[in-house]
Every structure is written in structure tokens, then in C-alpha cells.
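Subject: Structure handover

Hello,

Here is the structure for your set. My notes on it follow below.

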Amino acid sequence: MIHYSKFKESSIQGRYINMDSIQKCFSKLSEPLIEIGKSVNQVQIHAFQLGNGPIKVLLWSQMHGNESTTTKALWDLVNFLRSNDPLAYTILKECSLMVVPMLNPDGANVYTRENCNGVDLNRDAKMQSQPESVALRRLFNSFQPDFCFNLHDQRTLFSAGNTNKPATVSFLSPASNKEREITPTRETAMKLIAGMNVMLQKHIPGQVGRYDDGFNDNCVGDTFQMLGVPTVLFESGHYPGDYDREITRKYIFLSLLEAFKIIAEHQVDEFSVGDYFSIPGNHKLFFDIIIENAGIVNPRISNTHKVGVRYKEVLVDGTVVFEPQITEVGTLNGFYGHRTIECVDTKGFGFTYADTPLLDLLKNTKE
Ligand SMILES: [Zn+2]
């Protein structure tokens with residue numbers, strides 16, 4: 001039994017995590033920092049190694065600057081590995097972890113997916129046109145990992161399969177060719193994911209999803225898999241009510257820990273490819289809010305229709321603000337809301353004070 005709260009890194013929380021936010025975490029490390037390169041804005045990109053075991057694992061987070069949940073979980077994992085838990089000892093004895101907590105510091109600073117040239121680093125694997133892409137590839141080449149963990153966040157719209165359960169955590173063993181063949185490399189990553197899924201189902205049953213495996217050799221994961229290194233894509237998703245992703249953070253921490261446990265104890269082959277494929281695929285079935293009976297507030301909207309709202313994440317004064325946007329009006333059959341608002345009267349009863357901007361938006365919208 002892991003007591004997560006003992007290891008949670010309390011100096012970082014919420015969605016906006018930039019290089020400044022993690023300086024304290026870096027300063028606690030006794031391991032030397034390795035400068036693997038500089039960002040477009042000349043910010044040093046650091047890595048560090050934990051453990052000295054024979055199985056080498058390369059992990060990088062925040063390749064997409066606004067995807068910070070896995071960065072938080074990584075530092076929680078560092079705290080665990082620095083504890084005197086026997087599992088920490090086993091992992092550090094069997095594995096060498098090369099950790100890049102923030103590959104895209106410029107994007108993280110302004111809360112964008114892309115780097116400061118507007119390039120998606122996860123579509124730059126072939127070209128390697130950006131210094132951040134070069135830094136990661138150089139590290140990959142010199143470290144020669146046995147496993148790669150590609151750490152991301154996904155949007156709130158994903159459900160785990162055709163269900164009303166959000167995909168709180170999603171995984172992918174990326175394809176390594178157009179035919180999506182199950183190569184031995186892919187198979188190893190699939191088994192590892194199946195193992196993490198067994199653990200996660202005990203905590204968040206039905207809330208684990210599997211990503212689409214369309215091949216794109218511009219994606220870093222597909223490329224590393226193609227180069228023969230089992231690569232796992234981790235996606236932190238939505239947990240009900242947890243827009244700060246502090247709960248999802250815990251499930252990512254537990255997933256990382258489980259993966260290292262399976263690797264360190266040489267248990268990968270205990271799991272099957274079939275179990276990987278039994279994880280439901282991600283579907284796009286969620287809105288952040290679904291508004292029912294909107295015709296009461298705005299007669300231009302049919303009463304048989306619902307209004308689908310998705311949040312746009314905007315950085316305002318160092319905080320991520322969730323700005324509601326009406327993205328669809330229709331029957332919305334088969335769709336779900338993380339929250340449902342039922343309009344009760346023309347004044348907007350059913351909405352809270354905090355929903356005032358949303359109510360104004362609703363009054364001014366047309367079908
Ligand atoms: Zn991402």
C-alpha cells in the first residue's frame with residue numbers, strides 16, 4: 001500500500017507549471033543536472049539520472065507546454081524514489097531513469113502546446129527543426145534507453161470507450177509502421193500498459209482509455225518505437241470536478257510507479273497483448289457542461305436541443321482560467337456533460353453566480 005500523500009510534492013500544484021515553479025524541486029536533488037540543450041528562448045533544458053541499474057528508461061514531460069500533470073507526478077515519483085521504501089530501492093537497483101521534467105520551457109511559460117516558434121514538438125520528429133527536438137533526440141541517442149515514457153495531458157472531452165466515464169488516464173503503444181503491425185517492441189509496451197491498467201482498474205474502474213494508433217512518423221513516440229525502443233504514451237485526463245488535475249496526478253504517479261515495479265521485477269511478460277486491446281478506445285463524448293432547456297433563457301434555441309459547452313484554458317496573471325465557449329447546439333444524443341445545468345426560468349435560475357459569463361453567452365447565442 002502506497003501512501004501517496006507522503007510523497008506528493010507540495011511546492012507545485014494546479015495547471016500552470018513553468019520552469020520557475022520547479023526550481024525548488026531541482027534544488028532538492030542530490031544528482032547532478034545534465035544540460036541537454038537550450039530552448040528557442042535560451043532556457044536551459046535539464047535532465048537528471050536516478051538509479052544505476054541495467055534497465056534504462058528515458059522519460060520526458062511537458063513536451064507540450066500546457067500539459068503539466070505528468071510533470072507534477074514525476075516530482076512525486078522522485079520523492080518516492082528518494083524515500084526508504086523497499087520498492088524504491090529495488091527500482092533504483094534495477095533501473096536507470098533519465099528524467100526530463102520539462103522539454104518545452106518556453107511553451108510552459110506562456111501555457112501553449114507549441115514551443116515559442118509555434119511548432120508542435122510532437123510533430124517534429126522527422127524534421128527536428130527545433131532545438132528542443134534536437135535535445136531530446138541527442139539524449140535518446142546517447143542514453144540508449146530500453147524503454148521510453150512520453151508524458152502528456154489530454155483534453156476533458158475524452159470518454160473511456162462509448163460510456164459516460166471520462167478517460168482519466170489513457171495510454172498508447174504507438175504504431176511503428178503504417179500497417180500498425182504488432183512488432184516485438186510494440187508488444188512489450190502493450191504488455192506494460194496492460195499491467196498498469198490492472199492496477200488502475202482497482203482505483204478508477206472504467207476510467208482508463210486507449211489512444212488511436214494511426215501511424216505518424218513525425219510523432220516522437222512512433223519514431224522511438226520504430227527505432228526499436230518500447231515506448232509508452234501516458235495521457236493525463238479528466239477526473240470529475242478535478243480541473244486542477246490534482247487527483248489525476250495521483251493516478252499518473254501510481255501508473256509510473258507500477259510501470260517501474262513491473263520493469264524492475266521483470267514481470268512484463270506476465271501481461272498480454274489481448275489485455276491491452278481490451279482497454280476501451282478513447283471516444284470524444286464529453287462536454288464540460290451540457291445546458292438543458294436552454295430555450296427558456298434564449299427563445300432562439302429549440303427546446304428539444306441541448307447546448308454543449310467546452311472550456312478554453314487561458315493564462316491570466318499566472319493562473320489558468322477556464323473560459324466557457326458554446327461549441328455545439330443540437331440534440332447531443334449520446335454525449336455527456338461533466339456537469340449539467342438545467343435552465344429553470346428566464347432569469348437563469350439553475351446557474352450559479354460564477355456562471356454569469358456563461359449565462360450571458362447563452363442569451364446571445366443562436367442555433
Ligand atoms: Zn501532448
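**Findings**

S255 is found in helix α9 (residues 246-264). Helices here are DSSP runs of H or I with at least four residues, strands are E runs of at least two, and both are numbered from the N terminus. S255 is buried, at 0% relative accessibility. Buried means under 20% relative accessible area, exposed means over 50%, and partly exposed is in between (1.4 Å probe, protein chains only). Beyond residues up to four places away in sequence, S255 touches V169, F171, M196, M199, L200 and F234. Touching, or contact, means heavy atoms within 4.5 Å.

Some ground rules. This is a predicted model, in which local features need pLDDT of at least 70, side-chain atom pairs count only at pLDDT 80 or more, and totals for chains, interfaces and linings use all residues. Residues are numbered from 1 along each chain as its sequence is written, and side-chain values use heavy atoms, with hydrogens and water left out.

**The chain as a whole**

The chain has 11 helices and 14 strands. Its radius of gyration is 21 Å, close to the 21 Å from the globule rule for 367 residues, so the chain is as compact as a globular protein of that length. That radius is taken over C-alpha atoms, and the rule is 2.2 Å times the number of residues to the power 0.38. Along the principal axes, the C-alpha atoms fill a box of roughly 65 × 45 × 45 Å.

Of the 367 residues, 55% count as buried. Among contacts with a separation of 6 or more, 76% come from residues 24 or more positions apart. The accessible surface is about 15,600 Å², and carbon and sulfur atoms hold 49% of that. Areas come from the Shrake-Rupley method with a 1.4 Å probe; for residues, only the protein chains shown count as cover.

On charge, there are 36 positive and 42 negative side chains, and the centres of the two sets lie 1 Å apart. Lys and Arg count as positive, Asp and Glu as negative; His and the chain ends are not counted. Each charge is placed at NZ of Lys, CZ of Arg, CG of Asp or CD of Glu.

**Around helix α7**

S173 sits in the loop between β7 (169-172) and α7. S173 is buried, at 0% relative accessibility. Its contacts, apart from residues up to four places away in sequence, are R186, A189, M190, I193, Q225, T231 and Y276. S173 and V316 are 143 residues apart in sequence and 36 Å apart in space, C-alpha to C-alpha.

T185 is in helix α7 itself (residues 184-203). It counts as buried, at 15%. Neighbours within four places aside, T185 contacts Q225, G228, V229 and P230.

**The β5–β6 loop**

T156 lies in the loop between β5 (147-153) and β6 (158-160). T156 is buried, with a relative accessible area of 11%. Leaving aside neighbours within four places in sequence, T156 is in contact with H238, Y243, R245, F286, D288 and H338. T156 and Y243 are 87 residues apart in sequence, yet 8.8 Å apart in space, C-alpha to C-alpha.

**Cysteines**

The structure holds 0 disulfides (pairs of cysteine sulfur atoms), with a cut-off of within 2.5 Å. C25 is buried, at 3%. C116 is partly exposed, at 37%.

Best regards
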